[in-house]
Structures are given as structure tokens and as C-alpha cells.
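The following note sets out several points for a student who is reading this structure alongside its sequence. Please consult the structure as each point is raised.

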Amino acid sequence: MMTVESIIRSVRAGSRLGREEGLFLLRNVELLDLGDLANEIRFRRHPRPLVTFVIDTNPNYTNICTIDCIFCAFYRHPGEEGEYTYSVDHMIQKFKESAAKGVTTVLLQGGVNPALPFDYYVELVERTVAEVPEIHPHFFSTSEIIGMAEVSGLTVRQVLERLWQAGLRSIPGGGAEILSDRVKKKISSKKGTSADWLNVMKVAHEIGYKSTATMMYGHLETDEDIVEHLEQIRSLQDQTKGFTAFIPWSFKPGNTPLEKIIPHYATPMRYLQMIAFSRIYLDNVPHIQASWFSEGKKTGQIALHFGADDFGGTLLEENVHAAANFVNKTNTEECKELIREAGFVPAQRSTLYEILAVEEENAAA
């Protein structure tokens, strides 16, 4: 007979959580027991009390988009008031200004803008690498890459190979939302299937890219969909080992069409549950990222005791959540202080999770 206690014992002994066990655990375990197990797994994998963070920014090169996701308040249609597309020159200048502030990573995404030729993206990567070498370009979601393939007539593999030749080495995990086609048909019907997202990631990993994996929950998904999402990521990671980290965040309803159906925010307790459960389920993903940004600073700190070992980035600029009237701000010193307050040692990292600088380890003692 399956019980919470028997599943926890099995995981502690090193067994992998299966779908049925995972669903049972998610639905029946007490939050603190889930967090305790996740924290144990975190320290088994990362014994030192380090919590990593990256000095980054998240600008956008265009907000024009034609795929009409109903959870998004950021996009504008071509010709609509407030739409914009910035030149490569403009973006390079922004990157230079960011680098002067100590930024090491630019997470760059935009809408799926069919007016932009593929050469625009190639030039953006080439010039970033050549002109702003202090910056690691962490560019383009799976949706944008699929859009590039459609505009150029190239395959996804050809697009990714060309961007690799230009100097791109990692891509963000955006566009996954929930890897359940039942949900995707309702919230992002023009965006493609779960298999489309997984295929871009698979091909990217085969070429040599590293990427993050993400999950946006708190809308139309069920517990079964959560487990399915994690299972798909774990299965691909078994094949490619290309994911560096998993990053869950909750849906922000402000100014979105989906707000009429889901007007409320997911609770902090649900977020802690997602962090802990993902750390337990994703036994082959190195890092779990807590988000001070999307969930609030205190909740982010608590998540560091629920299995997360990374605190994300400083996000000097961010526009997508801001469009949904959800804004949190921090800076490098406050980011370090939040980590110290939570009882950990801040460690600055690169995009690819290489440790760049560690505070004194006795500082958190």
C-alpha cells in the first residue's frame, strides 16, 4: 500500500520518484515534510551552504507578437499603440550600459515578430560577443527560435546551428508554461505543442547549448499536469543532460485576458510546494532556482530552505511581469543580504553556474 511515509523512505534511500508516487506525494504530504525532504536532497547534492546568484538584466528587443498567449500582458500586435522594435545598435548600447553596471548575463527575449529577418538575430549575437565581451548572451525562447525558422525557411536545427556559429551558447527556458497540450490549447493555442518546446531544447542540447527549464503554474493546470511537466523535463534531461536549472514561477494575472478566469495569485505555500516537489522529482537537474522576483523577497528566502540552491538574478531591467503590474526590485548588495539573512553564503555565478566569487563562508554562521 502506498503511503506518504513509504514514499519518503524510498526517496531517502535513493529511489527515483515515479509518476504515481509523485502525484500521491504532491496531494497528500504536509508542506513541512515535503520541504524537509527537499532540503535534505539539496544538501546531499550541494553540501556547502552556498546560494548562488547572477548579476543580470532582462531587456526586450521587441514587444510585437502574433501568438496571443492569454496569460501575457506584455505583447502588442503590429501597428498597435505602444508597440516597439529596437535596432541592433540600440540593444548593443543597452548591453554596454549594463556591463558598466557589473552585469555579466543578459537574458534577452521578445515577442514573436514576423517582420524581423533572421539576420537581425544573428547580428545581435555576433555583435554582443564581439563588442560587449563582458556579457554572456542568454538569448531567445523556444517560441522565438521556432519563429526564426518560419521566417527564414530554415529548420530549427539550422537556426540553432547558425546562432551557435554566431556565438550563442545558452538559451532560457521560457515558453514551456505547462508541458500539457490540454492546457496549452487553452492558454497559448498558437504557440505550438509541448513536443515543440521539448524538440527545440533537445536539438539545442545536442548542438552543445545549455539551457534552463521553467514552469509557469497557478492558472488552468492540475496536479497531474504538474507531474507530467516535471516528467517530460526529467526524461529529456536523462537523454541530453543539457538543463542547468529548473525555475518555477506563478502566473501573474494583472492586465491579461486570463485574469477574467483566474483573477488571483497563487499562494506562497503553493510556491514552496512547487520548489520542494521539483527538487525531489528532478533528481537529474543540478539546480533549483528560488525567485525573490516573481514571488516576493521573503518567500524567496524561505524557498532556500525548501530545496532551492540558487537565488536567480538581480534583474536590473524587467518588463514582462511589470506589464502585469507585478514589480519587485533589488540590487547586488541587497541580493547578497537576502541570502545571508536566510542563513546562507552568497556566491556570484555565471550563466552556466560557474562560481565567480564567494563571500566569506563564516559570514552566514
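1. As general background, nonpolar side chains tend to be buried together in soluble globular proteins.

2. The surroundings of Phe311. Leaving aside residues up to four places away in sequence, Phe311 touches a number of residues, among them Val51, Thr52 and Phe53. Its other contacts include Trp292, Leu304, Cys335, Leu338 and Ile339.

3. The sheet. Four strands form an open sheet in the order S9-S1-S10-S11, and their pairing is mixed. Strands S9 (310–313) and S11 (355–358) are at the edges with a single partner strand each, so one side of each has no neighbour in the sheet. On average, neighbouring strands are turned by 25° against each other, direction ignored.

4. Pairing and packing. Strand S1 (residues 50–54) pairs with S9 in the parallel sense over 2 bridges. Thr52 has Asp310 in S9 as its bridge partner. Helix H15 (residues 332–341) packs on the sheet, where it touches S1, S9 and strand S10 (345–349). The direction of H15 makes about 160° with that of S1.

5. Confidence. The protein chain has a mean pLDDT of 90, and 90% of its residues reach 70 or more. Over residues 318–329, however, pLDDT stays under 50, and the model has 36 contacts beyond four places in sequence for them. Where pLDDT is low, the predicted coordinates should not be read in detail.

How values were computed
Residues numbered from 1 in each chain as written. Predicted model: local features only at pLDDT ≥ 70, side-chain atom pairs only at ≥ 80, totals over all residues. Heavy atoms only, no water. pLDDT = per-residue confidence, 0-100. Contact = heavy atoms within 4.5 Å. Pairing = 2+ DSSP bridges. Axes fitted to C-alpha atoms, helices over the stretch in contact; angles between N-to-C directions.
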